[in-house]
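Work through the exercises below with the sequence and the model at hand. Each task is followed by a worked solution.

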Amino acid sequence: MKELPKSYDFKEVEEKWYRFWEEKGYFRPRLDPRKPKFSVVIPPPNVTGSLHIGHALNNTIQDILVRYKRMDGYDTLWVPGTDHAGIATQNVVERELAREGKTRHDLGREAFLKRVWEWKERFGNRIIEQLKRLGASCDWSRLRFTMDEGLSRAVREVFVRLWEEGLIYRGDYIINWCPRCHTALADIEVEHRPTPGKLWYIRYPLAEGQGEVVVATTRPETMLGDTAVAVHPEDERYRDLVGRKVRLPLLGREIPVIADPAVDPEFGTGAVKVTPAHDFADFEMAERHGLPRVKIMDEDGKMTPEAGPYAGLERFEARKRVVADLEAQGFLARVEDYEVMLGHCYRCDCVVEPLLSKQWFVRTKPLAQPATAAVENGFIRLVPENWNNLYFDWMHRIRDWCISRQIWWGHRIPAWTCEDCGKTSVAREDLEVCPECGSRRIRQEEDVLDTWFSSALWPFSTLGWPEKTEDLRAFYPTSVLVTSFDILFFWVARMIMMGIHFMGNIPFRTVYIHALVRDEKGQKMSKSRGNVIDPVVMIEKYGADALRFTLAALAAQGRDIKLSEARIEGYKHFVNKIWNAIRFVLLNLKDFRPRELPLEELPLVSRWILSRLSYTVERVRDRLEAYEFDQAALAIYHFFWHEFCDWYIEAAKLYLRGEEARKATQEVLLRVAEASLRLLHPFMPFVTEELWQALPHEGESIMLAPYPRAEEFPRDPEAEEKMSFLMEIVVALRNIRADYNLHPTREIPAVVLSEKKAWRDLLQAEAPLVKLLARLSELEVREAGRPEAAASVVLSEAEVFVPLSGLVDIAQELSRLYKEKEKTEKELSRVETRLKNPQFLAKAPSEVVEKEKARARELQEKLQRIQENIRRFEALKS
């Protein structure tokens, strides 16, 4: 029998077993038609990224599911891959060039793209290696990249088909524009934040006659592009003005007053400026009323010639100048403070501008309807279900998806425009001549596709589509998608739309949406706050198993995770506990010979632990199927530490002494230990493999061993009831020992009273076990007759006594307690005085004040315990 080292070296073990699993090909599916299938596609991390704590949570959950299903007899496939991350990756390489004093335009498109590919080859797989360190059991032979040859073909096929179906079009449209990244952004790529701003009230004089209309705006520089003033058709204040014209301040252009139901009469004065080229609502209004669009700002965020005397000014400088001129010329009525929901680029944080631009769009309404129905009708389940309403709300309000981006890194749009006939052609293969007129003077579209376009095809493109591959037949639809809520619309909704449209089937059956990982105070992690927990550093310090189990144990549905390094360190102690427990088992198996286990011959405690194991297995399976990872992890933790280690292993020491009892106890120890390791394996793959290999076992690897089933272990409700009674007695005796300051190793006498003969008989039969667990010198069981001068605890079915004569010097103990009480009261008074001091509360840092409050609570609790102990000892004097 192998003897384990005293301590666990996770660094050596993790590297050894991961290499073993990979070399053996255990991560690959067997493509066995007899086996049920379970498949997952990884949310592809950006090639620019390194593993952060959100990735660690997401991939730990996926790996738990995949390892569980693999052990449970499923043919499993977990497809890994990375995303080309258009804007992010291009920005990284452009910054690299900037350090060399160059721009991408200095290199030209082809040379720049070569440079990006070189960067990707050097750094793009960093996160893959980090995922391996976490223990991710992906099939790395199927590693995909959103710009690899196969996925590029899928992207082009989808684009062409959508074009042919009339679901892709090109047109002038108002879009979100980032002046820094120089690209369009989809609505959900814009982060809106409440920001202190101003509401400027501007006078628009009537073109004829006396009078004016006062208009309120948060963006006064855009008034230079106004083509109308709008009021609500039922607003009595402006009824006589509809149809008349006003003169645009500063520029003098005459514009109409129109009535439109989209106007909110409660906003400002109830009259709003209409700037179709620079506002989404105004663009729609202009379409309804046939208004012209005047573009007064360009792609750099600078004013165009249409802005008249403000041409060439940067947008915020133009705002200052416009406001100053409005005031100087008497057009500014008043200014109010006003909170603005300001849009920022999700990549560079630059303030986004709504801008009129020629872009490529996907018509989303026809795609959104079946995607909405799939969730409404239960074909796709969102877990937790409280995300359903948000999903439906977004899908019902969905607008056409702007899919073109003005960058170079990405899937270039497969469209060519002929310079002779003007025809735009879309093709699966690169065009050399115009299909319409035969001219060779054709030019390919410069823009690339939104990164999310290729990501939307991920569940089927990674399985080989548009080819009809064996993987596609076997593993589509995938079983579950694990993702965070922040990409529910960026990615999940679009995958559902594309999957149903191109595959005629949903892309996954369940979407498990996990929460955010925050710091221990519930704050978002950020470098500026200095509260970021780096998973790679945690793996280095505590091992992958400790990090994985921590994340699983905290992953409650619908609740953000409050994570601290102390938590991870705490679960490292659990890893050590597992190691020491299995080491104990191994040390007691040296003379072990496998044998049948006659249940009727087993002692009560052995029947109890097998029954508890059966219940735990059922509980863990049930919670895993419900995606309640925290409950599954905590069920295993409780069983292994608090039932197997704290109770059974201690009890086993009694039965390991006798020959026949030893053999049965060895068998139970081995069965429970081995099954516990299999139960734990999806959560802690490394330490469980190392320990399982040391135990007698069948098979090459724990990851291929069957996941435990509850029916493998006999349920025994009677044994559980009896052991529960005995454990209650032992806990009561341990509490008395602690309350009366009796040394943990000192054997003490005990008396137990119980009116029920069945409980008395049980205590007599199991007296050796109770004496061992409670460290008793003697145990007397009676029906009645309380002993004198004894500490006691009243239970529902018994009363427990420890006679204190000869064990405790009551007078000495009371003297000690009164001194401790006085000392504690003084310290508490000092802390409370400090907390009542207004100067301390005003000047001390908040963390110092909180520390003092916590100390006050701690001292109050300590004082209560001392007073309770004094009460007990005073009672013993009388």
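Contact means heavy atoms within 4.5 Å. The model is predicted, so local features need pLDDT of at least 70, side-chain atom pairs count only at pLDDT 80 or more, and totals for chains, interfaces and linings use all residues. Residues are numbered from 1 along each chain as its sequence is written, and side-chain values use heavy atoms, with hydrogens and water left out.

**Exercise 1.** Find where Asp-139 lies, and decide whether Asp-139 is buried or exposed.

Solution. Start with the helices (H or I, at least four residues) and strands (E, at least two), which are DSSP runs numbered from the N terminus. Asp-139 lies in the loop that runs between helix 6 (126–134) and strand 4 (144–145). Next, take the cut-offs: buried is under 20% relative accessible area, exposed is over 50%, and partly exposed is in between (1.4 Å probe, protein chains only). Asp-139 has a relative accessible area of 1%, so Asp-139 is buried.

**Exercise 2.** List what Asp-139 is in contact with, leaving aside neighbours within four places in sequence.

Solution. Among the residues found are Phe-27, Arg-28 and Pro-29. Leu-77, Trp-78 and Pro-80 are also in contact with Asp-139.

**Exercise 3.** Which side chains make a polar contact with the side chain of Asp-139?

Solution. A polar contact is a pair of N or O atoms within 3.5 Å; within protein, one must be able to donate a hydrogen and the other to accept it, and residues adjacent in sequence count only if both atoms are side-chain atoms. The side chain of Ser-141 makes one at 2.5 Å. The side chain of Arg-142 makes another at 2.4 Å.
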